[in-house]
Amino acid sequence: MRVKLIVAYDGTNYCGWQVQPNGITIQEVLNKTLSQLLGEEILTIGASRTDSGVHSLGNVCVFDTNTRMPAEKISYALNQRLPEDIVVQDSCEVPQDFHPRFSKSRKTYEYRILNKRFRDPTRRLDTLFFHYDLDVDKMNQAASYLVGEHDFASFCAANAQSETTVRTIYSASVTRDEDIIRIRVTGNGFLYNMVRIIAGTLIKIGDGDMPPEAMQSIIEAADRSKAGPTAPAHGLTMIGLEYESQSE
């Protein structure tokens, strides 16, 4: 059977999601723990290859298994074996042809900024500290230009390998709750470092380096050099995915 997991993790101590030779990753830990639990070699397929230091509240992966353990029980057994910074939120059986990356979905990311005079040591791992006052209204106005289908080449890392840089953004907003500014973006997919570059650009707008209207010209330019810097990874959290088919 094919089993889907919804996985939350603090990415601080990991070299991202995808298995790689130069450091421990979320996928590597899941593969090893599942293999030990089920007594067979398990290889997970993830929906989002989050970068080193990026967090998640609901990344999705699937794996195939011959186990007799009910799919919904796997999450409980797995959480007893996983480290405390990785927690499976749900496990369920899905159709054999369900693929977490290629099934139509809406993906949501949130970038968090701690905007106050001094640092907060309890938020150092999941927010970017920025002590100059940011204008959230201008940032939110700029974010509205992102909505729709556009060529987001300006917001794609130079070394990315994507067949197309066209993506659809369904919603983009910037809100403030006391000292925390949240940049939340939902789309049908994201380019390499796209949300972090969007965050870096919105910070420049909020800081007064450019007007909100500049976002439109940055998109139209399709030129990475026109956008702002890539914001640090630790402020980014993948909120989750919503798949179109109810059976998935």
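Helices H1 and H2 sit roughly perpendicular to each other in this predicted model. H1 covers residues 26-38 and H2 covers residues 71-79. Their axes cross at roughly 105 degrees and come within 10 Å. On the H1 side, the contact is built from Leu30, Thr33, Leu34 and Leu37, and on the H2 side from Ile74, Ala77 and Leu78. Sorted by class, that makes six nonpolar residues, one polar and no charged.

A second helix pair turns up further along the chain, and it can be described in the same terms. Two packed helices are described by the angle between their axes and the distance between those axes. For H3 (residues 136-143) and H4 (residues 194-206), the angle is about 135 degrees and the axes are 8 Å apart. That angle makes H3 oblique to H4, and the crossing of the two is right-handed. H3 brings Lys138, Met139, Ala142 and Ala143 to the contact, while H4 brings Leu202, Ile203, Ile205 and Gly206. Here the tally comes to six nonpolar residues, one polar and one charged.

Next come the strands, with Thr237 as the example. Thr237 belongs to strand S10, which takes in residues 236-243. With a relative accessible area of 3%, Thr237 is buried, since the cut-off for that label is under 20%. Which residues does Thr237 touch, once its neighbours within four places in sequence are left aside? The list is His55, Ser56, Leu57, Tyr109, Glu110 and Arg112. Val54 also comes into the picture: its C-alpha atom is 6.0 Å from that of Thr237, although 183 residues separate the two along the chain.

The backbone has a couple of points worth a look. Most residues other than glycine have a negative phi. Glu178 has a positive phi instead, near 55 degrees. Glu178 is found in the loop between strand S8 (166-177) and strand S9 (180-187), and a relative accessibility of 69% makes Glu178 exposed. Ala222 is another residue with a positive phi, this time near 50 degrees. Ala222 has a relative accessibility of 36% and counts as partly exposed.

That leaves the cysteines. How many disulfides does the structure hold? The count is zero. Cys15 is in no disulfide, and the nearest cysteine sulfur to its own is that of Cys61, 18 Å away.

Notes. Residues are numbered from 1 along each chain as its sequence is written. This is a predicted model: local features need pLDDT of at least 70, side-chain atom pairs count only at pLDDT 80 or more; totals for chains, interfaces and linings use all residues. Side-chain values use heavy atoms; hydrogens and water are left out. A disulfide is a pair of cysteine sulfur atoms within 2.5 Å. Axes are lines fitted to C-alpha atoms, for helices over the stretch in contact, and angles run from 0 to 180 degrees between N-to-C directions. Helices (H or I, at least four residues) and strands (E, at least two) are DSSP runs, numbered from the N terminus. Angles under 35 degrees count as roughly parallel, over 145 as roughly antiparallel, 65 to 115 as roughly perpendicular and the rest as oblique. A crossing is left-handed if the near helix is turned anticlockwise from the far one by less than a right angle, and right-handed if clockwise. Contact means heavy atoms within 4.5 Å. Ala, Val, Leu, Ile, Met, Phe, Trp, Tyr, Cys and Pro count as nonpolar, Asp, Glu, Lys and Arg as charged, and the others, Gly among them, as polar. Buried means under 20% relative accessible area, exposed over 50%, partly exposed in between (1.4 Å probe, protein chains only).
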